[in-house]
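Please open the model in your viewer and keep the selection panel at hand.

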Amino acid sequence: QSHRFCYWIVQEKHNVHSLELPLIQHVEGPDADRLSAVLRDEKFDWVTVTSPEAAAVFLEGWKAAGSPKVRIAVVGAGTARTFDEVLQSNDGPLEVAFSPSKALGKVLASELPRTSETACKVLYPASAKAGHEIQNGLSARGFEVTRLNTYSTVPVHDVDPQILKLALSAPVVAVASPSALRAWLNLMSRVDKWSNSVACIGETTASAAKKLGLESVYYPATPGLEGWVESILEALRAHKQPSK
């Protein structure tokens with residue numbers, strides 16, 4: 001959802017041709033079936049949601065649980081946007097009440113407000129491949145965190161050769177997650193000397209890109225869609241500059 005919105009901005013507003021190449025697919029996580037029961041049986045001060053996919057999976061479980069009252073903390077405008085339809089059609093059982101000053105999980109963990117002096121309970125529905133930054137950061141501050149791995153990502157292995165050929169010719173590849181980046185590099189392992197630029201949605205993905213050996217990496221200081229668009233445009237401008 002967020003990446004399609006980004007590509008629309010790049011293509012429609014900046015007249016840049018873009019090619020969408022899905023490289024990961026979402027699958028149920030080991031805790032997917034537990035989500036609705038946990039929401040029915042327990043009360044939480046916060047539910048932390050860090051990606052559009054995590055939000056979509058959470059909403060399915062929340063509706064199956066009977067739409068209980070919940071207060072949501074989100075990371076990123078794209079994640080918040082996933083809740084728009086529910087917010088417009090409901091009278092308040094779901095409230096998006098907090099987003100951190102910077103769209104990073106570690107910042108959310110350091111800034112999430114406590115709602116009481118006693119135990120503050122947090123539900124964290126996450127990708128099975130997500131790190132432990134949020135739960136560890138919140139636990140260190142005294143929050144009681146229940147993490148449910150509600151979904152995961154797996155790479156797409158079958159890519160149309162003609163579409164892949166077009167993708168390889170692109171001077172800039174835009175990626176929104178470390179999983180998508182790794183899937184792209186797995187494809188590139190079949191290709192000699194791919195060294196074009198990568199524009200990342202934020203520093204988490206950019207850090208993964210650098211650790212994986214990529215050199216031409218662009219990313220915004222503040223994660224999010226607007227900064228991602230600017231990073232794509234910056235990478236394109238650098239590509240057009242003549243080599244010295």
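Begin by selecting Ser 67, which is found in the loop between α3 (52-64) and β3 (70-74). Helices (H or I, at least four residues) and strands (E, at least two) are DSSP runs, numbered from the N terminus. This is a predicted model, in which local features need pLDDT of at least 70 and side-chain atom pairs count only at pLDDT 80 or more, while totals for chains, interfaces and linings use all residues. Residues are numbered from 1 along each chain as its sequence is written, and side-chain values use heavy atoms, with hydrogens and water left out.

Remain at Ser 67 and inspect the backbone. The phi of Ser 67 is near 55°, a positive value in a residue other than glycine. Most residues other than glycine have a negative phi. Ser 67 is partly exposed, with a relative accessible area of 25%; buried means under 20% relative accessible area, exposed over 50%, and partly exposed in between (1.4 Å probe, protein chains only).

Select Ser 36 next, in helix α2 (residues 35-41). Is Ser 36 buried or exposed? Its relative accessible area is 15%, so Ser 36 is buried. Not counting residues up to four places away in sequence, Ser 36 touches Gly 61, Ala 64 and Ala 65, where contact means heavy atoms within 4.5 Å.

Move to Thr 205 in helix α10 (residues 203-211). Thr 205 is buried, with a relative accessible area of 3%. Leaving aside neighbours within four places in sequence, the residues in contact with Thr 205 are Val 175, Ala 176, Ser 177, Pro 178, Leu 181 and Cys 200.

**Salt bridges**

How many salt bridges does a search of the whole structure find? The search finds 4, a salt bridge being a side-chain nitrogen of Lys or Arg within 4 Å of a carboxyl oxygen of Asp or Glu. Side chains of opposite charge can pair when their charged atoms come close.

Select Lys 106 and Glu 203, which form a salt bridge with the closest N and O atoms 3.6 Å apart. This pair links distant parts of the chain, with Lys 106 in helix α6 (residues 105-111) and Glu 203 in helix α10, 97 residues apart.

Turn to Lys 121 and Glu 42, whose side chains meet in a salt bridge (3.5 Å, N to O). Lys 121 lies in strand β5 (residues 120-127) and Glu 42 in the loop between α2 and β2 (46-49), so the pair ties together parts that are 79 residues apart in sequence.

Then select Asp 31 and Arg 34, where the side chains meet in a salt bridge (3.7 Å, N to O). Asp 31 counts as buried at 13% relative accessibility, whereas Arg 34 counts as partly exposed at 43%.

**A helix pair**

Display helix α8 (residues 161-169) together with helix α9 (residues 178-188). Their axes come within 12 Å and cross at roughly 105°. Axes are lines fitted to C-alpha atoms, for helices over the stretch in contact, and angles run from 0 to 180 degrees between N-to-C directions. The helices α8 and α9 are therefore roughly perpendicular to each other; angles under 35 degrees count as roughly parallel, over 145 as roughly antiparallel, 65 to 115 as roughly perpendicular and the rest as oblique.

**At the surface**

Select Glu 28 in strand β1. At 64% relative accessibility, Glu 28 counts as exposed. Beyond residues up to four places away in sequence, Glu 28 touches Asp 33, Thr 150, Tyr 151 and Ser 152.

Finish with Leu 19, in the loop between α1 (2-14) and β1 (24-28). Leu 19 is partly exposed, with a relative accessible area of 36%. With Ile 163 and Leu 166, Leu 19 forms a nonpolar patch on the surface, with about 250 Å² of accessible area together. Patches are made of residues with over 30% relative accessible area and no salt bridge, like charges being joined within 9 Å and nonpolar side chains (Val, Leu, Ile, Met, Phe, Trp, Tyr) within 5 Å. Accessible areas come from the Shrake-Rupley method with a 1.4 Å probe, and for residues only the protein chains shown count as cover.
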